[in-house]
Amino acid sequence: MTLTRFLPLDCMTILHPRYLHFANVSVGTPPSWFLVALDTGSDLFWLPCNCTRCVPDLISRGKIIKLNTYDLDKSSTSNRVSCTNSTYCIQRQQCPSSGSSCRYRVDYLSNNTSSRGILVEDVLHLITDDDQTNDADTRIIFGCGQVQTGAFQDGGIPNGLFGLGMDNRSVPSILAKEGLISNSFSMCFGSRGSGRITFGDSGSPDQRKTPFNLDTSYPTYNITITQIVVEDRVADLEFHAIFDSGTSFTYINDPAYTRLGEMFSSRIKANRHSSQSPESKINFEYCYDISLNQTIEVPFVNLTMKGGDDYYVMDPIILVLSEKEGNFLCLGILKSNSVNIIGQNFMSGYKIVFDRDNMNLGWKESNCSEYVLSDTPPLNPSHAPAVSPAIAVNPVATSNPSTIPPNRSFMIKPTFSFLFVLFLLLPIF
């Protein structure tokens, strides 16, 4: 049977322990579960495996959650990938011997963050979208991650990384090559941390879209932004950016970074926040003071894409409640010194379609409620609580024009202080 749409088991609810989205996936025989980060900015799917340095157990709400590690010897369906005979092995010219396993190493933009080990093949357990009781397992190539460093050691990625990029080693590429799905998938990012990833989904006729800019040497989900709009202010700036679900927040180069920040500052009715603490862990520049029970209208932000379609940013702000620095909200952008990245915070409120058949990015507004099949609450490690606008602020009902989203009002509720943990999981090449 040919499958047109299917999902990893229990992938209906996407969780964000540290402002990334995660899903439970099941691998091997007998099956083992892993809580993996969903990353469109990288290609290789890897799991902690026969570790010498792996991620510690997860602490959530004061409880220790034991995490699985993949064991080659305990799965009856596992195979090592040959260094010399597999097209998935990019180090074939450096094989120590003809019978050796294929080794891998991926370095990420987050400081000193990497994963390395060997490539293996095993069964990824799936279910069909139209019949959730119908298993549809497939063999997949992934990394047996023996050593993790940097943010992975800090518990930022609890149990592995699910590579969703364009390279032939990514999960959607392997599924499409096997003829199991059309070469497309979607991710829905709910404002409260829930959502869904669906393989073989090319979206709907009424979605907006923009073409990918294809670099054949290293293909990514790279698009062109032609204009930035904040309320009635317009900046005609053309630049490229990568849609990367593995990056927590949005990184933009100058001059677009400064123009967007200054335009936002000119339209928000709040005083600019000035940090009083030299030890501040807040990395955002465009921040504004607020007080408890104060209602603030947040200016709408629109990115006009190549082709003319509008991409309205549903959640442009990050709320910070700090005993040392006071209460303030920030525009959720960071200054980049390299590539421009549309991070996960700017994807909230949308179903994003990565249509690799037609080489375009699609998007449609969605609260993902039609996709949520589980009421599992988001994980929130006590040692590094997440920063989620949906938790910290209350939207006030407003009108909803059909073409331009309204200014949205927010009123903060008393809660605890937040610690920002920023993840930038774009590989270095």
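Reply: **A loop residue, then the disulfides**

Leucine 109 sits in the loop between strand S8 (103-108) and strand S9 (113-124). Helices (H or I, at least four residues) and strands (E, at least two) are DSSP runs, numbered from the N terminus. Residues are numbered from 1 along each chain as its sequence is written. The model is predicted: local features need pLDDT of at least 70, side-chain atom pairs count only at pLDDT 80 or more, and totals for chains, interfaces and linings use all residues, while side-chain values use heavy atoms, leaving out hydrogens and water.

Leucine 109 has a relative accessible area of 30%, so the residue is partly exposed. Here buried means under 20% relative accessible area, exposed over 50%, and partly exposed in between (1.4 Å probe, protein chains only). The C-alpha atoms of leucine 109 and threonine 247 are 9.8 Å apart. Along the chain, 138 residues separate the two.

Now the cross-links. A disulfide is a pair of cysteine sulfur atoms within 2.5 Å. That rule gives 4 disulfides. Among them is the pair of cysteine 49 and cysteine 144, with sulfur atoms 1.9 Å apart. This link joins distant parts of the chain: cysteine 49 belongs to strand S4 (residues 46-53), cysteine 144 to strand S11 (residues 138-149), and the two are 95 residues apart. The angle about the S-S bond is -75°, and the link of cysteine 49 and cysteine 144 is left-handed. Cysteine 49 counts as buried because its relative accessibility is 0%. Cysteine 144 counts as buried because its relative accessibility is 0%.

Next come cysteine 188 and cysteine 368, a disulfide with sulfur atoms 2.0 Å apart. Cysteine 188 lies in strand S13 (residues 184-189), and cysteine 368 in the loop between strand S29 (360-365) and helix H3 (389-392), so the pair ties together parts 180 residues apart in sequence. The S-S torsion of cysteine 188 and cysteine 368 is about -100°, so this disulfide is left-handed. Both cysteine 188 and cysteine 368 are buried.

Cysteine 287 and cysteine 330 also form a disulfide; their sulfur atoms are 2.1 Å apart. Again distant parts of the chain are linked: cysteine 287 is in strand S20 (residues 287-289), cysteine 330 in strand S25 (residues 326-331), 43 residues apart. The link of cysteine 287 and cysteine 330 is right-handed, with 100° about the S-S bond. Cysteine 287 and cysteine 330 are buried.
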